[in-house]
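Reader: I am new to this structure and would be grateful for a guided account of it. Please show it first, and then let us proceed by question and answer.

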Amino acid sequence: MSVMVDRLPRVKLLLLDGHSLAYRAFFALPVENFSTSTGQHTNAVYGFTAMLINVLRDEAPTHVGVAFDVSRKTFRADEYPDYKAGRSVTPAEFSGQLPLLREVLDALRIRHVGVEGFEADDVIATLTRQAVEAGHEVVICTGDRDAFQLVSDKVTLLYPVRGVSEVWRMDPAAVTEKYLVAPERYSDLAALVGESSDNLPGVPGVGPKTAAKWLAQYGDLAGVVAHVDEIKGKVGENLRAHLDGVLRNRRLNRLVDDLELPLGVPDLERASWDREEVHRVFDGLEFRVLRDRLFQTFEVEQDEVEGGFELEGEVVHAPDLPLRFGDGAHGRRMPHGVVVVGHYRGGGGDAGAVAFAGEDGTTGYLDLTALTPAEEAVLAAWLADPDAPKVLHDAKEQLQALSCRGLELRGVRSDTALAAYLVRPDQRSFDLEDLVVRHLGRELKAETGAGDQGMLDFAADDDAAEREAMVRARAVLELSQVLATRLEETGGTELLRDLELPLVDILARMERTGIAVDEPALTALEADFGAKMRQAQEDAWEAIGRRDVNLGSPKQLQEVLFDQLGMPKTKRTKTGYTTDADALADLFVKTEHPFLEALLRHRDTSRLRVTVEGLIKSVAPDRRIHTTYIQTIAATGRLSSTDPNLQNVPIRTEEGRRIREVFVVGEGFESLMSADYSQIEMRIMAHLSGDEGLIEAFRSGEDLHRFVGARVFGVEPGDVTPAMRSKVKAMSYGLAYGLSAFGLSKQLTITTGEAQGLMDEYFARFGGVRDYLREVVAEARATGYTATMLGRRRYLPDLMSDNRQRREGAERMALNAPIQGSAADIIKLAMKGVDGALTAEGARSRILLQVHDELVVEVAPGEREAVEALVRREMGAAVEMDVPLDVSIGVGRSWHDAAH
DNA sequence: GACTGAACGTA
DNA sequence: CGTACGTTCAGTCG
């Protein structure tokens, strides 16, 4: 028998009162510090979650459950209508957070339960009884003192004090010490003393001391009642007068421990949480620190429940290479996971080793510096063989590292980062570590089987890097198989194979090539902007008669603008009042204070100076700038450019445009060519909506905004004034972003009514556009995702949110994603087309940059005409649409001069 | 040193 | 109360 008991797993059950803990947090944490950028209050969720994490860490329970009050109508209120009547109405800011709290629990896979007509504590009492009867240990966390009655040698209670910053650990001794009665008598004591928070009055003049004395003397409340006539004095009289109330209190504070529950203790066993969901939910709540703490605290425990990767098969060493990867060798056509150990950044890098894992269970690790020429030749041939299938994670960087060693990489059949991105493009991270957990439910580590525990410990330290690389190679291979299924399910197989993977190679070449810059001109520009910035700073200081203000500090500026100069307050930000350019311009109109003019000038020039400074820092030894394109960042499918970002080089102002003059044609080339799609997003909208009017606009060849303006304002195209045109232009573009009448009015400085009128007029003429926009959101709501012309999906679960801000935000994303995303698809196709055609025609000209709707090409001598024709052809023919894809091209010695 | 929010550049 | 990004700075925290 005792053997049986020993073998039973120990159970430690943690029960939390969701309602009372969240309510405590709601009042303890200042809401100003706990709100999302969309205005959702999160203080209650935050406080509860923080406490939950702490308790999980400190108590390490095996089972967890959370109880909720379902409504305020309980059997207690039926018996005593004034029950809890003293409490103010539950604030909407609190109840609005309860669904979020449940989302957190769901993501953490913690069960929660509530029973109509009963309180959370009754649920807790029921589960506690069940657990205690089964011989389990129980920890209860609640802010409700009624639960003290449940404390026993098996049951501990954690009671939050000082808001939620601390908990008292109440075992029987602690309860007795604090209340002078044993836990099972606590409710008797509370009935006598009363509970103000529940609006249960006690006996006047009787506090815990007196009550405890009586209970000690007569055993329990029944004993006190039996001897009620023996109690002398004023308090005795009071007791007799209030006896009914005391007995009622006792009936009400007795917790119900025999509820019918939809789940039992075994259902509360802790499961590993849904990592993806945790990221999504915590991202939404903007709980960054808390999420990190969660992962940090429980990473180890998660490890325990998940496996690693086998490295048990044959190990291939350098001398084995010809046998495995030589011509006709059996490993040649076998898919392998590959990991290149190396680095690449800003045009330079190196590769030190290659690890691989084959489908037959073999692994290998090859130190590239230790290979004989013959061995290296075999490896190089295998790596470069387009028919030798390989799978990598984030192939571009590794491909770059290899290329720095003169090695080519072909035959990449999947890239697990790209595949995961296509499956769910808005993820925080596509690190291999995360994907392995997310899609395989395992950790990125070597498997240590039951028989060979400690094997890893025996391995020497310098083997650790090798083993890690091989584990990664194995993980990539396995991951790619799972992701292939996910991709098939979400229709992304072709996108990966035919679009994103071919793009990897093109982007890698663009990065390695870089774009030439005129360094002396760049330096001169920095000096010029620097001088103008200092002049503006002097003027600004002069205007306010002090020099101790950092013009780059919004905080100090607020002090000057609103305190010293007493200007009217601007729009609120999280931390004060905005000092952004719009607001400053607004203040200038109102006050005409010279400080504002100088300040704005300082903003502009210092920003330009900083931009130039950043560019100077990133010029490589070859006097070119090598950006890095990231293919897995933008949820819509766009690329992003970083280190430096060459997709946000100024163009709108004349001063800013000067920066584009320093991006020049490189030595041995003839000119730079800039080719961009005109109004591609509007054309996509015309195509997708099928709106006859808009399609006609593009087919007519008339200026788009003039054409639309003529329809909207009911005039001849020739009579569209510049003001009419700019209004229509703003509206056309705004539509693709989900612009509201309010937003339009704000932008055009007209009344909301006028803006609404404008929109009505627009939709009356272009009804197909309105129908399309409505349809796109409706479909996304039905399917859960939007899709681009090539089927690139974006999932938007927030379309179903009962939080209005989040829902409406998701609706705007749903409007925009197919349009922006289709444009991204199109230019990616165009890049493939242009790159392929340049190669096919044997041209030396090459693509240097992509800026969302623009390609910058470096034109080799004598190729200008051919390349222009080729680019126009390939960009224009990227997809077949109901409207033409108009490409506009310019050529010059600099990026600025190539503008058109 | 790591992180956040404000501000601002692009499509 | 208009989408999608990346970078910089000041300010704050540990």
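This is a predicted model: local features need pLDDT of at least 70, side-chain atom pairs count only at pLDDT 80 or more; totals for chains, interfaces and linings use all residues.

Reader: Why is helix α18 described as largely enclosed by the rest of the structure?

Author: Helices here are DSSP runs of H or I with at least four residues and strands are runs of E with at least two, both numbered from the N terminus. Buried means under 20% relative accessible area, exposed over 50%, and partly exposed in between, with a 1.4 Å probe and protein chains only. Among the buried residues of α18 are A395, K396 and Q398. The helix, residues 395–403, is largely enclosed because the buried residues number seven of the nine.

Reader: How many helices and strands does chain A have?

Author: The C-alpha trace of chain A spans about 115 × 80 × 60 Å along its principal axes. Of the 900 residues in the chain, 52% are buried. Its secondary structure comprises 38 helices and 24 strands.

Reader: What percentage of the contacts in chain A with a separation of 6 or more joins residues 24 or more positions apart?

Author: A contact means heavy atoms within 4.5 Å. Among the contacts with a separation of 6 or more, the share of residues 24 or more positions apart is 68%.

Reader: How far apart are the mean positions of the positive and negative charges of chain A?

Author: Lys and Arg count as positive and Asp and Glu as negative, with His and the chain ends not counted. Each charge is placed at NZ of Lys, CZ of Arg, CG of Asp or CD of Glu. For the 105 positive and 144 negative charges, the mean positions are separated by 4 Å.

Reader: Which helix supplies the largest share of the lining of the largest pocket?

Author: A pocket is an open set of points on a 1 Å grid over the protein atoms alone, where a 1.4 Å probe fits, with protein on both sides within 12 Å along at least five of seven lines; lining residues have an atom within 4 Å of a point. The largest pocket holds about 1700 Å³ of space, and of its 45 lining residues the closest to the centre are V649, P650, I651, R652 and R660. Elements that each supply at least two lining residues include α28, β19, α29 and α32. The largest share, 10 residues, comes from α27.

Reader: Is L56 buried or exposed?

Author: L56 belongs to helix α3, residues 43–59. The residues that L56 touches, leaving aside those up to four places away in sequence, include L14, I110 and F298. L56 and F298 are 242 residues apart in sequence, yet their C-alpha atoms are 9.1 Å apart in space. With a relative accessible area of 5%, L56 is buried.

Reader: What is the C-alpha separation of L290 and T49?

Author: L290 lies in helix α15, residues 288–305, and is buried at a relative accessible area of 0%. Beyond residues up to four places away in sequence, L290 touches Y46, T49, A50, I53 and F282. L290 and T49 are 241 residues apart along the chain, and their C-alpha atoms are separated by 8.2 Å.

Reader: How far apart in space are R474 and G337, C-alpha to C-alpha?

Author: R474 is placed in helix α22, residues 462–489. R474 counts as buried because its relative accessibility is 7%. Not counting residues up to four places away in sequence, its contacts include F309, E310 and A357. R474 and G337 are 137 residues apart in sequence, and the distance in space is 6.0 Å.

Reader: Where does P644 lie, and what kind of peptide bond joins D643 and P644?

Author: Most peptide bonds are trans. P644 is found in the loop between β18 (640–642) and α28. With omega at about 0°, the bond that joins D643 and P644 is cis.

Reader: What is the phi of R109?

Author: Most residues other than glycine have a negative phi. R109 lies in the loop between α6 (98–107) and β3 (111–113), and is partly exposed at 43% relative accessibility. R109 is not a glycine, but its phi is positive, at about 55°.

Notes:
Residues are numbered from 1 along each chain as its sequence is written. Chains are lettered from A and ligands numbered from 1 in the order in which they are written. Side-chain values use heavy atoms; hydrogens and water are left out. Grid points are joined across faces, edges and corners, and a volume is the space filled by probe spheres set on the points.
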